[in-house]
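Biologist: Can you walk me through this one? I'd like to start with the salt bridges.

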Amino acid sequence: MAERTRVVVGVSGSLGSLAALHRAVAEARRSGGQVLALHAWEPPGGEFGHRRSPCPPLLSAVREAATERLAAAVEQAFGGARPGVDLTARTVRGETVAALLAAADRPGDLLVLGPSGSWLRRGLRGPVGARCLRRASCPVLVVPRPELASALGGLTTRRVDAELRELVGGRG
């Protein structure tokens, strides 16, 4: 018997990752497959920081927060309704790209990603989508940024620009 198609999707809770989750469900519905929604988390300061100064209560709190964030994202994405496909939500301790690539390791898997995160996160490690595209052994589908996220981002940028102009005394 052939294995069902599995669609692995990275979920952070951002609008882009919620759009990717919806697309993953649509792909699974089309192919008769199942969805694995994955949220990767790391200890504060990364694994190196945790090994250097372990703090079990902090680690437990971060793990619990990651689990709650993923559950809230799935709830928000579907408004409490069932998505209509077999969906498993899982948190994984580890770096995002490594966790996604380890999960999407079967023949026939599809990895679905939203647009990369904030400019700060992209600057520190590079875009998740680009790193997954370079190393994935399965097809990767990168979902474009939702229009609402772009509109909200534009509002925020304009507000910050206006405040900066006020601080430096510019009129422009």
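**Salt bridges and a helix pair**

Modeller: Arg-23 and Glu-27 are four residues apart in helix H1, so about one helical turn separates them. Helices are DSSP runs of H or I with at least four residues, strands are E runs of at least two, and both are numbered from the N terminus. This is a predicted model: local features need pLDDT of at least 70, side-chain atom pairs count only at pLDDT 80 or more, and totals for chains, interfaces and linings use all residues. Residues are numbered from 1 along each chain as its sequence is written, and side-chain values use heavy atoms, with hydrogens and water left out.

Biologist: How far apart are the closest N and O atoms of Arg-23 and Glu-27?

Modeller: 3.1 Å, in a salt bridge. That term means a side-chain nitrogen of Lys or Arg within 4 Å of a carboxyl oxygen of Asp or Glu.

Biologist: Is Glu-27 buried or exposed?

Modeller: Glu-27 counts as buried, at 12% relative accessibility. Buried is under 20% relative accessible area, exposed over 50%, partly exposed in between (1.4 Å probe, protein chains only). Arg-23 is partly exposed, at 37%.

Biologist: How many salt bridges in the whole structure?

Modeller: Six. One of them pairs Asp-109 with Arg-6, at 2.7 Å between the closest N and O atoms. Asp-109 sits in the loop between helix H4 and strand S4, and Arg-6 in strand S1, so the pair ties together parts 103 residues apart in sequence. Both Asp-109 and Arg-6 are buried.
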